[in-house]
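I opened my notebook to look up a few things in this structure.

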Amino acid sequence: MTLGRVLHIDLSKRRSWVEDRSELFSDRLGGVGVAIKLLEEELPKGADPLGPDNVIVFAVGPFTGLYPMASKTVALFKSPLTGNLGESHAGGRSAVAIRLAGYGAIVIKGASETPIYLAIHNGRVFFRDASGLWGVGSSLTVGRVIREKETGAGVRTIMRIGRAGERLVRYACVNTETYRHFGRLGLGAVFGSKKLKAVVISGKSSINVKDPASYRKVYDRIYEMATKTTLMRKYHDIGTSMNVQPLNAIRGLPTRNLKEASFEEAHRISGENLAENYLGRRVACSHCPVACIHLAALREPYEDEPYFYKTTMISYDYELIYALGSMLGVSDPEGMLRLMNEVEVLGMDAISTGVVLAWMTEAYERGVISDADTAGLKPRWGDWRVYLKAIRMIVEQPTEFYRDLAMGVAYAASKNGGEDYALAFGGNEMPGYHTGPAAHLGFLTGARHSHLDSAGYSLDQRLLKKGLKPSVEKVVDYLISEESWRQILSSLVVCYFARGIYRPEMVEEALKPVGYSLDVETLRKLGLEILRDKNRFKVREGFNPEKLKPPKRIYETPTPLGYVDEKLMEEAVKLFYERLAL
């Protein structure tokens, strides 16, 4: 069984070794369950997120390479954006490549003195000179150069950073293959601080199962549910961008820095409009039959050559449309796609970038910042051309103000003013849901302060539909239960889009052929333990739940469930951590 092998790489000493940690994978499945333990072991308490002591852990799970839609890799690290737990998930070929290379996890520590990239092929680790790639303007070009130079085409993964990671923008991402990302919480900046430009991994090992006959039966059921029922249809047809119009209709779509919760031109940036007029093709992660990655084909004429056009393929989904569309008041689909392409080229997290630009616009509008701060740019809602320039300035940081923006919206507001409308939760920029109190409670209490942690937005929408108003206790219990179960999915490592297929009973059944005998109750307890592990790590690194405060803006703009009650929020946050019993 290859899952128990953990590859360690020390960039400072340029050496690598493998440890057998089968016991860890037996106890904690894999993915986030294993990664949080490795991070605890390897990261010195209080380490500088951008220092050589920070550790990057990539981990996959027992379903990787065996069942459909178990295509995610979990990355854990200390976040340079929040100062505590960094967690990000990415698809593409990364997970299958790591497992077929013979590893369940990879731990990277130390820092190189000069730019390098790692090439891991057939059990060997090569430290390649990346001096020629450092400073290249586009992360897409970096990927192309490495593709032509390295072996393993078709089975390898190429994870790399752009200029934002090199410039230590605290919300820089890591691009995986093309169109997939370790987006949130600044893994790109951690790569940059280690002078690590990229990681290439390939392998062709095989995976054995304990009971092939049972495995085949379970596999077929999962595959048929994914392809012959409606469970995954939404993700295949229009994708998550289908959310734009329904959220707008209930007035839950954050608009213009959440000064409003509906956008009068939402139809122009909707998934339906993009599919009808811009969709070029769909692509899928490795071992996934759904193909949820939607690519727009943006056709741009050359300025001085009539009838000559450049066509750029740009991936989009709901969160990008929210952050670089409605949040900035951008209704021109082509302008919005250009902004998406710019964050892709530079290697930035789209949600954080959009929220930072939205705060900048309102701060400028209110006179909190001036032309001197913005280096002459005049941010204005909907003006995507100015935002395009501002994104580049955040990376290049020509002034102190842009250096502040590169640190995240919470830092920029704490230094320049405008904290009431700086939309950060626990230091992480807000996702695209203003559906009610459960959404914001989820952002506040979620281990990574993401909408994906406990999906409070989903609870809000169900309550709205049923006209219910549950007690604080019931809301808190729901959030803890949902986030705990998601730790199991993240340990397997299953795509959350497939959570309707990988229900608890199905997970129990699917684990048996691959050698695990765990019932649903045991899995739920394990999920809660992993969630506690993650929160304990956060507290160890300085996180204080008692200091959690949402931005005042969320109380000022009505949600579909009415105004969010400040006392209810305070009570719920307190109860959440009491119930979690760290």
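I looked up Cys 288 and found that, at 23% relative accessibility, Cys 288 counts as partly exposed (buried is under 20% relative accessible area, exposed over 50%, partly exposed in between, with a 1.4 Å probe and protein chains only). I kept in mind that this is a predicted model, where local features need pLDDT of at least 70, side-chain atom pairs count only at pLDDT 80 or more, and totals for chains, interfaces and linings use all residues. Residues are numbered from 1 along each chain as its sequence is written, and side-chain values use heavy atoms, with hydrogens and water left out.

How many disulfides are there in the whole structure? My search found zero, taking a disulfide as a pair of cysteine sulfur atoms within 2.5 Å. For Cys 288, the nearest cysteine sulfur is that of Cys 285, 6.1 Å away.

**A hairpin**

I then turned to strands β7 (residues 116-121) and β8 (residues 124-129), which pair in the antiparallel sense over six bridges; pairing needs at least two DSSP bridges, and strands are DSSP runs (E) of at least two residues, numbered from the N terminus. I noted Ile 116 opposite Asp 129 in β8. Two residues lie between the strands of this hairpin, and Asn 122 in the turn has a positive phi of about 50 degrees.

Definitions and conventions: Helices (H or I, at least four residues) and strands (E, at least two) are DSSP runs, numbered from the N terminus.
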